[in-house]
Amino acid sequence: MDATLGSAIQTVDKTLRGLSIGIQRMFYHQGTINQAFFNWWSSDSVNAPFYGAYFAALAVEGGDSILASDNGTDSFAQYVVYKKENPFKVVLVNTEYYSGTGSRSATKFTLTGLENGPVQTLRLTGPSSETSVSRLQSDPSLEPSIGGQYFSNDNCSLRGHKKFEKFTVQDYQLTITLSASEALIIYL
């Protein structure tokens, strides 16, 4: 674990995988402030791993159970969050690495058995797997973001406007592309 977007994506996957196998309480170690490379916070910034924890909380918010619908043996994960025994959200995770140079790999996820119609999604992303939070945050496009929002280093508040992506389920299926080091919540 470190202070990068790649670590945030790992936090999402490990948290949701743990919940899906019945783990009821997780502890993520916070090292000595400004002296550990994996801290969620520093004395003057909100580090990238916190984005993963926040995103995982958004993913399970309002649900009462979660199921991993993949076997956990590759770089891609899919989780279904249930509410009152009905699928409520789907979370897709692409843990592949992207250095920030050259082409960024992408993977298509196809979901079947969905109700036809519009759905909205929220994406955790950043410029590369190695993206970390800059102290000055002078260019939000260079930061990790959740639906275009990022955490202020001044007071930990969310900045920017939350942007949901909209897709349409047709013929009871939906295909969505995730680039390396991205995660997506699909609101059913």
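Predicted model: local features only at pLDDT ≥ 70, side-chain atom pairs only at ≥ 80, totals over all residues.
**Entry 1: the largest pocket**

I started with the lining of the largest pocket and sorted its residues by class: 10 are nonpolar, 5 are polar and 1 is charged. Which residues of the lining sit closest to the centre of the pocket? Out of 16 lining residues, those are Pro87, Gly113, Leu114, Glu115 and Leu188.

Then I checked which elements supply the lining. Strand 4 (76–83), strand 5 (86–94), strand 6 (106–112) and strand 7 (117–125) are the ones that each give two or more residues to it. Strand 7 makes the largest contribution, with 3 residues.

**Entry 2: the cavity**

How many cavities of 30 Å³ or more turn up in the whole structure? My search came back with 1. For the largest cavity I noted a volume of about 30 Å³. I wrote down who lines the largest cavity: Tyr54, Leu58, Leu122, Ile146, Gln149, Leu158 and Lys162. Sorted by class, that lining has 5 nonpolar residues, 1 polar and 1 charged.

**Entry 3: helix 1 against helix 2**

I moved on to a pair of helices. Helix 1 covers residues 5–20 and helix 2 covers residues 48–60; their axes come within 7 Å and cross at roughly 35°. Is the crossing of helix 1 past helix 2 left-handed or right-handed? I got right-handed.

I also listed the residues that meet. From helix 1 they are Leu5, Ser7, Ala8, Thr11, Val12, Thr15, Leu16 and Leu19. Their partners in helix 2 are Ala48, Pro49, Tyr51, Gly52, Ala53, Phe55, Ala56, Ala59 and Val60. I counted classes for this contact too, and found 13 nonpolar residues, 4 polar ones and no charged ones.

**Entry 4: a look at Ser20**

Where is the backbone oxygen of Arg17 relative to Ser20? That oxygen lies 2.7 Å from a polar atom of the Ser20 side chain. Leaving out residues up to four places away in sequence, I found Ser20 touching Ile66, Leu67, Ala68 and Tyr79.

Methods:
Residues numbered from 1 in each chain as written. Heavy atoms only, no water. Axes fitted to C-alpha atoms, helices over the stretch in contact; angles between N-to-C directions. Helix = DSSP H or I, 4+ residues; strand = E, 2+ residues; numbered from the N terminus. Left-handed = near helix turned anticlockwise from the far one by under 90°. Contact = heavy atoms within 4.5 Å. Nonpolar A, V, L, I, M, F, W, Y, C, P; charged D, E, K, R; others polar. 1 Å grid on protein atoms, 1.4 Å probe; cavity = no way out; pocket = protein on both sides within 12 Å on 5 of 7 lines; lining within 4 Å. Points joined across faces, edges and corners; volume = space filled by probe spheres on them. Polar contact = N/O pair within 3.5 Å; in protein donor to acceptor, adjacent residues only side chain to side chain.
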